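Subject: Structure for you to look at

Hello,

Please find the structure below, followed by notes on what was found in it. Keep the sequence open beside the model while you read.

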Amino acid sequence: MKKVLATFVLLCLPFISLPTMAKKSITPRQQLIERLAKIQQKGYMYGHQDDPFYGISWDWDADRSDTYDLVGDYPGVMGFDLGGIEMADEKNLDSVPFTRMREEIIRHYERGGIITLSWHPRNPLLGTTAWIENDIKAYQQAREALGTLHQDKLGEQIPVPQTTVHSVLPGGSQAEKFQLWLHRITDFMLSLKDSKGQQIPFIFRPWHENNGSWFWWGQNNCSDAEFHALWDLTQDYINVQLKDFIVWSFSPNLYGAWTEADWLIRYPGDDRVDLIGEDAYQWGTETDFVRGLDADLTLITKIAAEHGKLIALTECGYQNSPDATWWQRVFKPIIEKYPIVYFLPWRNFKKEHFGASKDAKTADDFLEWSKQSNFLFIKDIKKIK
Ligand code: BMA
């Protein structure tokens with residue numbers, strides 16, 4: 001009898017253990033992708049950049065959040081920027097100490113939240129910021145000074161002045177420095193461990209807004225081939241150690257006039273992207289914003305369905321919320337037409353704020369919207385694993 005039982009158990013073993021094994025073998029990255037898909041079935045999450053560091057009327061208080069102060073809950077998604085980590089700086093480009101950032105990432109993860117990281121690295125060739133337009137004089141001067149130098153050094157096949165992106169690719173004048181930058185950003189990412197010592201999975205959104213030309217990796221500042229090489233170099237380097245923990249987001253900027261073929265030119269590929277994002281601010285008129293965002297989200301929704309990807313508004317907002325009714329009157333009707341999993345207004349920094357806050361003109365409007373059952377904050381997503 002014992003033998004029969006043993007044989008029976010042995011025969012059943014594959015059936016008993018398979019589901020458990022399958023569950024165990026899923027990586028934290030896949031788990032996060034699946035979690036996002038489940039959340040999307042319930043609605044869309046609120047995200048906010050730099051939420052626990054400062055708000056419209058305060059900065060650096062412990063345990064404070066403009067979102068929490070207004071709606072009584074934290075955003076589902078918190079965004080943090082790693083600009084400065086490449087230089088081994090102690091603080092990021094917006095004066096956030098990296099040690100504090102790490103602490104808040106862990107806290108948010110442990111309260112059931114989702115983390116997204118962006119990176120505005122300095123210009124590795126010219127030593128200026130990530131933004132060409134903000135720094136145009138310094139940029140031009142550095143460019144002129146370097147143009148001839150690189151022609152001498154690298155020969156006539158290299159376009160002069162050489163693009164910054166070209167300079168970081170293998171064989172380029174800044175290739176070695178860029179390896180160090182990748183090493184430093186990877187190191188910081190590797191240091192994101194929860195209190196049990198487990199690596200924290202996150203969404204990473206490098207080389208964003210690439211269809212504009214304000215960043216050194218932007219449309220007119222590198223060729224399509226250079227852009228792809230930059231993406232691949234970055235992803236392949238970081239993925240050596242973190243491929244099971246990163247959900248990769250490709251996020252061009254609001255444009256409003258793409259064809260599918262054009263949009264796909266700089267798309268890194270289905271094997272390289274998990275989430276299709278878009279950064280979309282209302283900088284101009286309401287009509288242009290609504291028309292553009294509607295067109296882009298129609299296209300992105302179609303591409304995402306064809307390629308099996310998630311979609312999100314990875315940065316958004318109307319700076320300083322001049323219109324008290326903007327969230328529900330302008331923004332909500334567009335985003336509710338599409339299967340976005342979250343939208344993330346940029347930081348609330350005194351004179352430059354985008355997110356919800358008691359101190360914003362839009363407070364009542366946002367508070368009312370936040371009570372809608374498909375608008376998700378931490379309490380709504382905590383149990384969705
Ligand atoms: C921009 C502005 C800047 C900031 C940068 C990185 O949109 O908010 O002030 O330094 O993002 O967060």
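Start with Glu209, which is buried because its relative accessible area is 8%; buried means under 20% relative accessible area, exposed over 50%, and partly exposed in between, with a 1.4 Å probe and protein chains only. Glu209 has a positive phi of about 50° although it is not a glycine. As background, most residues other than glycine have a negative phi. Glu209 sits in the loop between strand 4 (202-204) and helix 8 (224-242). Helices (H or I, at least four residues) and strands (E, at least two) are DSSP runs, numbered from the N terminus.

Before going on, note that this is a predicted model, in which local features need pLDDT of at least 70 and side-chain atom pairs count only at pLDDT 80 or more, while totals for chains, interfaces and linings use all residues. Residues are numbered from 1 along each chain as its sequence is written, and side-chain values use heavy atoms, with hydrogens and water left out.

Two other loop residues

Lys350 also has a positive phi, of about 40°, and is not a glycine. Its loop runs between strand 9 (348-349) and strand 10 (352-353). Lys350 counts as partly exposed, at 41% relative accessibility.

Asp359 is in the loop between strand 10 and helix 12. At 40% relative accessibility, Asp359 counts as partly exposed. Leaving out residues up to four places away in sequence, Asp359 touches Ile56 and Ser57, where contact means heavy atoms within 4.5 Å. Asp359 and Asp69 are 290 residues apart in sequence, yet 9.8 Å apart in space, C-alpha to C-alpha.

The chain as a whole

The chain has 13 helices and eleven strands. Of its 385 residues, 54% count as buried. Among contacts between residues at least 6 apart in sequence, 75% join residues at least 24 apart.

Helix pairs

Two packed helices are described by the angle between their axes and the distance between the axes. Axes here are lines fitted to C-alpha atoms, for helices over the stretch in contact, and angles run from 0 to 180 degrees between N-to-C directions. Angles under 35 degrees count as roughly parallel, over 145 as roughly antiparallel, 65 to 115 as roughly perpendicular and the rest as oblique.

The axes of helix 10 (residues 286-307) and helix 11 (residues 326-335) come within 9 Å and cross at roughly 25°, so the two helices are roughly parallel to each other. On the helix 10 side, the contact involves Glu286, Phe289, Val290, Leu293, Asp294 and Leu297, which meet Trp326, Arg329, Val330, Phe331 and Ile334 in helix 11. By class, the contact of helix 10 with helix 11 has eight nonpolar, no polar and three charged residues. In this sorting, Ala, Val, Leu, Ile, Met, Phe, Trp, Tyr, Cys and Pro count as nonpolar, Asp, Glu, Lys and Arg as charged, and the others, Gly among them, as polar.

How are helix 11 and helix 12 placed relative to each other? The axes of helix 11 and helix 12 (residues 363-370) come within 8 Å and cross at roughly 40°, and therefore the pair is oblique. Helix 11 contributes Trp326, Trp327, Gln328, Phe331, Lys332 and Ile335, and helix 12 contributes Asp365, Phe366, Glu368 and Trp369. This contact has six nonpolar, one polar and three charged residues.

Pockets and the cavity

On a 1 Å grid over the protein atoms alone, a cavity is a set of points where a 1.4 Å probe fits but cannot get out, and a pocket is an open set with protein on both sides within 12 Å along at least five of seven lines; lining residues have an atom within 4 Å of a point. Grid points are joined across faces, edges and corners, and a volume is the space filled by probe spheres set on the points.

The largest pocket has a volume of about 690 Å³. Of its 25 lining residues, His120, Trp131, Asn134, Phe215 and Trp346 lie nearest its centre. The lining divides into nine nonpolar, seven polar and nine charged residues.

The second largest pocket has a volume of about 560 Å³. Helix 2 gives the most to its lining, with four residues.

Regards
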